There are 2 protein chains.
Amino acid sequence: MTRRELDPRKEKILQVVTDDYIESAEPVGSRTIARKHNLGLSPATIRNEMADLEESGYLKQPHTSAGRIPSHRGYRYYVNILMEQKQLTNDELAFIKGEFDPKNKPAGYESILQRTAKIVSEITKYPSLILTPRPQEARFRHIHLVAMDGNHVLGLVVMDTGFVENILLETPVAYTQDELNKISAFLNSKLHGVSLGEFGTGVLNQLQTEAQSWEGLGDTLQLLLATLDRKKQDRIYVDGTINILEQPEFKQVEKFKLLLSILEEEEKLLNLMNQALQKRGLNIYIGEEINDESVEDCSMVTATYEVDGKVLGAVGVLGPTRMDYAHVVTVVDFVAKSLSNFLKEK
Amino acid sequence: MTRRELDPRKEKILQVVTDDYIESAEPVGSRTIARKHNLGLSPATIRNEMADLEESGYLKQPHTSAGRIPSHRGYRYYVNILMEQKQLTNDELAFIKGEFDPKNKPAGYESILQRTAKIVSEITKYPSLILTPRPQEARFRHIHLVAMDGNHVLGLVVMDTGFVENILLETPVAYTQDELNKISAFLNSKLHGVSLGEFGTGVLNQLQTEAQSWEGLGDTLQLLLATLDRKKQDRIYVDGTINILEQPEFKQVEKFKLLLSILEEEEKLLNLMNQALQKRGLNIYIGEEINDESVEDCSMVTATYEVDGKVLGAVGVLGPTRMDYAHVVTVVDFVAKSLSNFLKEK
DNA sequence: GTTAGCACTCTCGGTCAATGAGTGCTAACT
DNA sequence: AGTTAGCACTCATTGACCGAGAGTGCTAAC
């Protein structure tokens with residue numbers, strides 16, 4: 001539905017209703033519209049138009065004798081066609097740019113994404129979600145084994161996404177650093193460019209047969225892989241959950257509890273955010289377009305971030321269907337782009 | 001106040017009131033007590049005793065013509081003297097033991113503590129807090145520098161707490177692995193056993209002068225330290241925030257918002273939990289004994305965990321003053337001990 | 001096609017009385 | 001002297017009721 005299917009006057013009214021409702025959280029009536037925006041129309045006319053809009057499914061009434069609010073269909077039309085682009089304020093712009101200043105470079109993925117989550121939730125005043133780069137698709141760039149005391153070896157794995165993982169291994173034999181260097185070189189030659197996803201038992205078996213010359217290496221490898229496998233999971237950073245309490249629709253504890261239970265369950269969040277990766281760039285999910293039966297009357301705005309044309313993860317905002325789409329879209333889009341740039345520098 | 005300052009009958013009544021109130025969240029009246037626990041006393045007698053207890057500050061009334069609830073002083077007496085030891089149920093015991101099974105050994109500090117937080121909040125049904133081992137006091141065990149592509153060096157730092165940190169450095173010069181090995185050896189000889197806290201600019205300056213022979217090393221060192229310094233912060237893992245919504249005293253959104261804002265602010269949590277480290281073992285903070293003006297009507301139960309007699313961090317539960325102390329104390333204590341054991345195995 | 005007018009609907013806030021839980025006090029009981 | 005029955009009193013809670021206000025749909029006039 002990206003076609004203008006409504007005549008201009010109906011569009012104007014739908015837009016006004018949506019804007020007003022987003023701002024006030026109150027159903028908006030014909031009188032209010034006539035008063036606030038002088039469309040040169042009487043309340044009665046507006047009433048007629050609104051009745052039409054309700055019949056064709058763009059508006060709805062919480063109860064007779066209340067004003068109208070947009071239906072999901074109405075929001076969809078609003079978002080696709082009517083919504084006016086918003087600009088970031090100078091403050092917002094400065095804030096985001098400051099946080100993504102290349103001077104802040106070190107400090108690893110984890111803290112960058114956590115910071116990104118904080119930025120988004122602070123500006124939008126909604127809870128934010130950041131999906132980490134998908135480890136499954138990361139490729140080995142470098143493996144290094146370091147001898148520690150006794151039977152301990154520290155495995156260091158660097159992926160092409162810049163992701164660094166260290167794994168403390170207990171080995172059946174005590175290796176010298178020289179041996180480990182050889183093993184490292186061997187592993188590097190075999191694994192360079194292989195993705196964590198491809199790297200199933202097949203590759204492992206092959207490695208093991210080829211590596212029989214090193215005593216006990218098979219077991220060590222197995223351990224390395226088991227640990228790596230556990231880290232293979234995507235992660236989500238959440239921030240600003242508390243913001244949702246500012247929204248009047250969540251004043252009833254029950255509604256809020258439902259949403260919080262989702263925000264605390266990483267698995268559900270992963271489901272939500274993984275949808276976002278399917279289509280690069282910006283996405284808006286309104287109401288039941290979010291594929292989760294336990295999310296009620298919520299919408300989600302997401303944008304993917306990428307490096308060298310490769311989609312890594314996504315930045316998202318979860319809020320009530322009555323969220324300030326124009327603002328959120330602008331923020332999410334800009335932050336995702338800033339994050340992409342920031343990561344490219346590395 | 002660990003003396004029995006009340007006569008047995010008053011004690012019994014204080015205990016019954018507290019137990020009942022903890023269970024029901026409703027002020028408890030004389031009639032209820034006479035009915036439920038047959039003390040062989042009439043409501044009138046109980047009323048007299050309760051009036052005495054109120055006068056001496058152990059009980060209070062939310063309003064005239066309501067039942068009594070324990071005051072903070074009453075809770076304190078209850079916790080110190082009256083509370084009956086609870087046993088863990090078999091299910092709880094099995095659950096905890098299963099999670100701390102040494103077979104689950106790998107996977108690093110982070111995930112262990114996160115899991116611990118989950119265990120505690122799931123069993124107690126209150127939000128849980130886990131304070132990480134204090135990086136300030138960790139001592140260097142091992143430093144290793146690995147050459148990556150071009151001007152990048154990966155610094156690997158292992159602390160005696162088992163904490164492993166990796167830091168990607170951009171160096172002004174491209175080092176060969178041989179050079180790096182020498183530098184590593186040099187750093188190891190200098191830093192082994194030094195704690196992160198001691199490691200101020202003093203040590204740094206000394207290192208820099210001694211290390212002038214390596215071109216550009218000074219800057220690199222500085223960078224390494226700056227990054228390490230940023231990691232020096234204690235961390236807190238929180239889980240089960242949502243549980244607090246089950247408590248009737250947080251049904252009003254405002255109360256809940258206050259608590260949530262604390263649980264989302266790491267700095268405040270650190271303040272709270274750092275108190276716990278002062279005294280090893282179990283601690284109970286009731287009401288204003290928690291040193292934070294924004295926490296209202298809450299109590300905290302904490303227990304330290306340790307390895308080789310050295311206190312590393314603490315396990316805690318934050319709940320309403322009306323929390324089930326007996327249960328929480330048992331759980332927190334046992335989990336802290338299990339965690340200590342688990343960490344010792346490493 | 002637009003609008004004024006009007007009857008109607010529904011929510012919200014406030015008042016009022018009834019209810020019930022619980023208390024404190026006094027006087028009688030053991 | 002400690003215990004208890006009885007009674008008057010207090011206070012929060014609940015449900016019924018009412019009026020005000022916002023908004024609608026419909027009809028008839030413009």
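B:Glu246 forms a salt bridge with A:Lys257, with 3.3 Å between the closest N and O atoms; a salt bridge here is a side-chain nitrogen of Lys or Arg within 4 Å of a carboxyl oxygen of Asp or Glu. This is a predicted model, in which local features need pLDDT of at least 70 and side-chain atom pairs count only at pLDDT 80 or more, while totals for chains, interfaces and linings use all residues. Residues are numbered from 1 along each chain as its sequence is written, chains are lettered from A and ligands numbered from 1 in the order in which they are written, and side-chain values use heavy atoms, with hydrogens and water left out.

**Interface of chain B and chain A**

- The rule finds two salt bridges across this interface.
- Four residue pairs are in polar contact between chain B and chain A, both residues being at pLDDT 80 or more. A polar contact is a pair of N or O atoms within 3.5 Å; within protein, one must be able to donate a hydrogen and the other to accept it, and residues adjacent in sequence count only if both atoms are side-chain atoms.
- Helices (H or I, at least four residues) and strands (E, at least two) are DSSP runs, numbered from the N terminus.
- Ala, Val, Leu, Ile, Met, Phe, Trp, Tyr, Cys and Pro count as nonpolar, Asp, Glu, Lys and Arg as charged, and the others, Gly among them, as polar.
- About 3,000 Å² is buried between chain B and chain A, and carbon and sulfur atoms give 62% of it. Buried area is the accessible area (1.4 Å probe) that two parts lose on being put together, summed over both.

**Surface near DNA strand D**

- There are 20 residues around DNA strand D, and A:Ser30, A:Arg68, B:Arg9, B:Thr45 and B:Ser65 come nearest. A residue is near a strand if one of its heavy atoms lies within 4 Å of it.
- The residues of this surface comprise four nonpolar, 12 polar and four charged.
- Sugar or phosphate accounts for 77% of the atoms of DNA strand D within 4 Å of the protein, and bases for the rest.
- For A:Ala66, a backbone N or O atom lies 3.5 Å from a sugar or linking oxygen of DNA strand D.
- A base oxygen of DNA strand D lies 3.4 Å from a polar side-chain atom of B:Arg47.
- Two or more residues each come from α2 (30-36) and α3 (43-55) of chain A and from α3 (43-55) of chain B. α3(B) gives the most, with four residues.

**Further salt bridges**

- Over all chains, the whole structure holds 44 salt bridges.
- A:Asp239 and A:Lys118 meet in one of 3.6 Å, N to O. This pair links distant parts of the chain, 121 residues apart: A:Asp239 is in strand β7 (residues 236-239) and A:Lys118 in helix α6 (residues 108-124), both of chain A.
- A:Asp239 counts as buried at 17% relative accessibility, whereas A:Lys118 is partly exposed at 38%. Buried means under 20% relative accessible area, exposed over 50%, and partly exposed in between (1.4 Å probe, protein chains only).
- A:Asp333 pairs with A:Lys337, the closest N and O atoms being 3.0 Å apart. The two are separated by about one helical turn because they are four residues apart in helix α12 (residues 325-344) of chain A.
- B:Glu99 and B:Arg115 form a salt bridge of 3.3 Å, N to O. B:Glu99 lies in helix α5 (residues 90-99) and B:Arg115 in helix α6 (residues 108-124) of chain B, 16 residues apart.
- A network of salt bridges links A:Asp7, A:Arg9, A:Lys10, A:Glu49 and A:Asp52.

**Helix α4 of chain B**

- Helix α4 (residues 72-82) of chain B is largely enclosed by the rest of the structure, because nine of its 11 residues are buried.
- Among the buried residues are B:Tyr75, B:Tyr77 and B:Tyr78.
- The buried residues of α4(B) pack against α1 (8-24), β2 (69-70), β8 (282-286) and α12 (325-344) of chain B.

Technical notes:
Contact means heavy atoms within 4.5 Å.
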